[in-house]
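Please open the model in your viewer and keep the selection tool at hand. The stops below say what to select next and what is there.

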Amino acid sequence: LLRQRMGWQTARTRAAHHRQPLQPITHQLLVSLLEKQSVQSSLGKRYPFTAIHQRTILSTSLRLSSSDTHTDASSTTTTTYGSSAVRSIRPTTNTTDLSNTKLQLLSFYRFIPISQPESVRDVLFERLKEIDGLAGTVYIAAEGINAQFSVPVGEPLDELLLAFGNEGEEGCSLPFNAFEESPPNMGNIVDGTTPTFDRLIIRTRDCILRDGIVQEDGNSFDWTDAGVELEPSEWDAQLRQGIVDKTNAEGKSIQLLDCRNTYESDQGSFVSSIPLNTQTFSETWSALDSQVESQSLDPSEPVYIFCTGGIRCVKVGAYLKQKLGFEDVRSLRHGIIGYQRWNEEDGDTHKNNETEGSDSLWIGENFLFDKRRLAKGEDESNEV
């Protein structure tokens, strides 16, 4: 963050020009920066720290001062200790030819209080590292769990689902059912050679989805109060009604909000959606405030929100309801991924004659966060 935001990204070139050594980021350096409450770039300009900068620097300094890393070469297992500990392992497979292996892509999340994230991480890692060919990322925090995987179809997939299944069942590794409120978002089945994830990583974090929200009053949001989730069929029907009649089935005007960043929205979006024009998720809140202040969004009317897989809409929906006073917030269950999968499987049977010629209300490509990067609506449809 310091190198990118404070003008140090070209520090090597400038240091060479001025014959100055490049200053490494160390625990001692970060502590001194916190004391000064600002940083001076290599061009001599001094930048004051925001609250977010201070928290980032503090957490980084603590990690640098207390972290330790252990690598087991025989099992390719890596473990770090500290404020943001990681357990990771390169996937192993008993299959002789990965090109003949089919991988199921899936993701899920659940906002639920977790009193001991580190313990859950360790138990989960010991369980998941035994699953043949499993790779992906799991974030565990006090606010819940967020996971994305690629796993061989068959017994490995069954073992993975059981590990997150009903609490108390044999083989379950969690003190709760991760699928209680929503089933996992099952993505495409791809060839074993398709780029997805390099490793299985299980990490503790401060949040399962970092949002950058700073509550001045000290209150926190209730992520379980984020509006209503619509199934893709309901979403499609209500949006088609709105496109034709400019209102939904209840006669209320349609407000359709794209909760992703600009680099995602530019690749594709739903018809008639309003982009937030953000570069990072932490910019979402000021963008929403501005939309309401400029009356581009009306809190008294229904608002439809969507993102890639659904998790961002939980926090956006809670903010719209609890901070901005929206009365009717509706989000797309499983996000664009779920909609595209539904449209491929049985969307044609629900197509409205008024929108003949448009099988999908989605136009363009879906930006993915695994190694595939982009998925076209008619081809791959699932972010992991």
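Select alanine 135 and look across to strand E8, where serine 150 stands opposite it. The model is a predicted one, so keep the confidence colouring within reach for a later stop.

Now extend the selection to strand E7, residues 135–141, and strand E8, residues 144–152. E7 and E8 pair in the antiparallel sense over seven bridges, and a hairpin of two residues joins E7 to E8.

Next, select helix H5, residues 117–128. H5 has 12 residues and reaches 16 Å from its first C-alpha to its last, close to the 16 Å expected at 1.5 Å a residue. Pro117, Val120, Arg121, Leu124, Phe125 and Leu128 are buried in H5. Look down the axis of H5: its buried residues fall within an arc of 130 degrees, so they line one face of the helix.

Move on to the largest nonpolar core. Which of its 30 residues touch the most other members? They are Leu288, Ile305, Val316 and Leu320. The elements that give two or more residues to this core are strand E6 (102–111), helix H9 (284–293), strand E15 (303–306) and helix H10 (311–322). H10 supplies the largest share, seven residues. Centre the view on isoleucine 305: beyond residues up to four places away in sequence, it touches several residues, including Trp235, Leu257, Val316, Leu320 and Leu332. A second, separate core has 26 residues, among them Leu106, Phe108, Leu134 and Phe149.

Then go to threonine 278, in the loop between strand E14 (274–275) and H9. Threonine 278 counts as buried because its relative accessibility is 1%. Leaving aside neighbours within four places in sequence, its contacts are Arg260, Asn261, Thr262, Glu283, Thr284 and Ala287.

Last, colour the protein chain by pLDDT. The chain averages 77, and 61% of the residues score at least 70. Confidence is highest in strand E16 (residues 329–332), at a mean of 97, and lowest in strand E18 (residues 374–376), at 43. Select residues 371–384: the pLDDT there is below 50, and the stretch has 58 contacts in the model beyond near neighbours in sequence. Residues 5–22 also have a pLDDT below 50, with 25 such contacts.

Notes:
Residues are numbered from 1 along each chain as its sequence is written. This is a predicted model: local features need pLDDT of at least 70, side-chain atom pairs count only at pLDDT 80 or more; totals for chains, interfaces and linings use all residues. Side-chain values use heavy atoms; hydrogens and water are left out. Helices (H or I, at least four residues) and strands (E, at least two) are DSSP runs, numbered from the N terminus. The expected span of a helix is 1.5 Å times one less than its number of residues. Buried means under 20% relative accessible area, exposed over 50%, partly exposed in between (1.4 Å probe, protein chains only). The arc is that of the directions from the helix axis to the C-beta atoms. pLDDT is the predictor's confidence in each residue, from 0 to 100. Contact means heavy atoms within 4.5 Å. A nonpolar core is a set of buried Ala, Val, Leu, Ile, Met, Phe, Trp, Tyr and Cys residues joined through side-chain atoms within 4.5 Å. Two strands pair if DSSP finds at least two bridges between them.
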